[in-house]
Amino acid sequence: MNQAHAPMILAAIDMGSNSFRLEIAQLQHGQYRRIDYLKETVRLGAGLDAQSMLTEEAAQRGLECLKRFADRLADLPTRQVRAVATQTLREARNRNAFLARAQEVLGHPIEVISGREEARLIYAGVARMQTAEDPRLVIDIGGRSTEMILGRGPQPLRAESFQIGSVSLSMRYFPEGRFTSEAFRAAQVAAGAELEEAMTQFARHTAQPRWRQALGSSGTVGAVSQILAANGVSADGSITLDGLRWCIEHCLDAGRVDTLKLAGLKDDRRAVVGGGLCILYTLLTHFDIDRLYPAKGALRQGVIFDLAERLDPLLLGGARDMREQSVTELQRRFSVDRDQATRVQQIAQRLHAQLSPKAEEEHRRELGWAAALHEIGMMVSHHDHHRHSAYLLSHVDAPGFSQNQLRRLGDLALGQRGGLRKLEEQLQDESVVWQLLALRLAAIKCHARSAVDASAMKLHRDGDQVTIELRKGWAEGHPRAHFLLREELDAWSKLGRIQLALND
């Protein structure tokens, strides 16, 4: 094949609570081809202490694994790599300190994704790797969370995440590796309590079934499926209540994890098998699942497909970047004045190009999204709407966005007006400086909420010195905007981060 027309190589890193996985693949005409796959049992989730702090021992295990992944990714551009972290780093109070070290070791950004975003990506992986038009229930039992997704074809209809997983349940109810009937019952009750709220959303209902097939996408489902198949309990690897009872009985007969002998049970799954069996048993019982089939796709494939949509929609038949759809939906949900948002967006992006002509594409897009959503807080209150916008953006579930990126959009929304000291830490990042300055100047220029002449303001930058050049006579015709520009000079002067001047 001509190298110039070779399919783009994409890589996904799934930093799960039990295992870290690296998937490298190519997509061509929607077809998926795996190039390489690496998996290491890191047990990051087992390293959360009682105060939800990640221990140094667990952190080191994660960093050592990421260093090996980095060696494998040495020649791949950052734009073709996406790393996501799940429940353990959603919980860890010291996650930012770990992420700073991890990103330096890996050499690529790491996104902490919400539970619902994780569920969406899991379904994307399953739906594209195992196509079907019938409605399906997809379940993923991770180390510290369980995701449930109801979907039809490629479209997820409902996606939720629950804070129960094989690692956390095993640590609590089988802490010393001992298997007892009491521990299994207690673990099943705990799993049922966490999953009970999902029953109204994901139960099959025999009269008018919501789904026709249940698929399991996770290491837990794969591990139990392999055990059942290796021991002749399940001919096709599917999981049933009878099969789970068989596994639990063997655990009880063994009495301890270290004496459990089951064909197909891998060493990296031994310590968490008890918790995984309890969650599976609860799911099959509560949700009327007569047979759970292992799925072909998983989170890592979903990340690959999502990355492909961002880089080149034609790779997947013209699919749009999910983040664009989320921005449009958020504008609708929060009744954003779209005409004003578009004005601010266009001016901000024009000014940003003058300030940072070589900015990364992702930073340009972030500014556009922040401008499109900078007024969503108006739905809460006109007073201090920038603070409401920041809170909403930092906490909303928005498909396609990581928690990291939503917080960055929230920071930009918070900084759209007022003093700058509140973002002093964030403004140590030069890319944020130019994003924020462009957004603030655009908001001032569009202050009257009417049509604007984009060419009336130009910016000239020399290092940290920026001059605002106004067209002759514009200030006289727009005295309020001119007053706000003078206030803007004062705000940046107090911060001392850049030198802003006005040539009017």
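Start by selecting serine 356, which sits in the loop between α14 and α15 (361-373). Keep in mind as you go that this is a predicted model.

Is serine 356 buried or exposed? Serine 356 is buried, because its relative accessible area is 15% and the cut-off for buried is under 20%. Now show its neighbours: leaving aside residues up to four places away in sequence, serine 356 touches Trp434 and Arg461. In sequence, glutamate 430 and serine 356 are 74 residues apart, yet in space their C-alpha atoms are 9.9 Å apart.

**Next stop: two helices**

Select helix α14 (residues 338-355) together with helix α18 (residues 430-445). How do these two pack? Their axes are 8 Å apart and meet at an angle of about 135°. That angle makes α14 oblique to α18. Turn the view and you can follow α14 as it passes α18 in a right-handed crossing.

Which residues make the contact? On the α14 side, show Val344, Ile347, Ala348, Leu351, His352 and Leu355. On the α18 side, show Trp434, Gln435, Leu437, Ala438, Leu439, Leu441, Ala442, Ala443 and Lys445. If you colour this contact by class, you will find 12 nonpolar, 2 polar and 1 charged residues.

**Zoom in on leucine 437**

Stay on α18 and pick leucine 437, which lies in that helix. Leucine 437 is buried, with a relative accessible area of 0%. Which residues does leucine 437 touch, not counting those up to four places away in sequence? They are Leu355, Val466, Glu488, Trp492, Ile498 and Leu500.

**Widen to the cores**

In soluble globular proteins, nonpolar side chains tend to be buried together. To explore this here, turn to the largest nonpolar core, which has 59 residues. Select Leu427, Leu437, Leu441, Ile468, Leu470, Leu485 and Trp492, the members that touch the most other members. Which element gives this core its largest share? It is α18, with 10 residues.

For the last stop, select Ile239, Leu244, Val257 and Leu277. These four are among the members of a second, separate core, and that core has 45 residues.

Technical notes. Residues are numbered from 1 along each chain as its sequence is written. This is a predicted model: local features need pLDDT of at least 70, side-chain atom pairs count only at pLDDT 80 or more; totals for chains, interfaces and linings use all residues. Side-chain values use heavy atoms; hydrogens and water are left out. Helices (H or I, at least four residues) and strands (E, at least two) are DSSP runs, numbered from the N terminus. Buried means under 20% relative accessible area, exposed over 50%, partly exposed in between (1.4 Å probe, protein chains only). Contact means heavy atoms within 4.5 Å. Axes are lines fitted to C-alpha atoms, for helices over the stretch in contact, and angles run from 0 to 180 degrees between N-to-C directions. Angles under 35 degrees count as roughly parallel, over 145 as roughly antiparallel, 65 to 115 as roughly perpendicular and the rest as oblique. A crossing is left-handed if the near helix is turned anticlockwise from the far one by less than a right angle, and right-handed if clockwise. Ala, Val, Leu, Ile, Met, Phe, Trp, Tyr, Cys and Pro count as nonpolar, Asp, Glu, Lys and Arg as charged, and the others, Gly among them, as polar. A nonpolar core is a set of buried Ala, Val, Leu, Ile, Met, Phe, Trp, Tyr and Cys residues joined through side-chain atoms within 4.5 Å.
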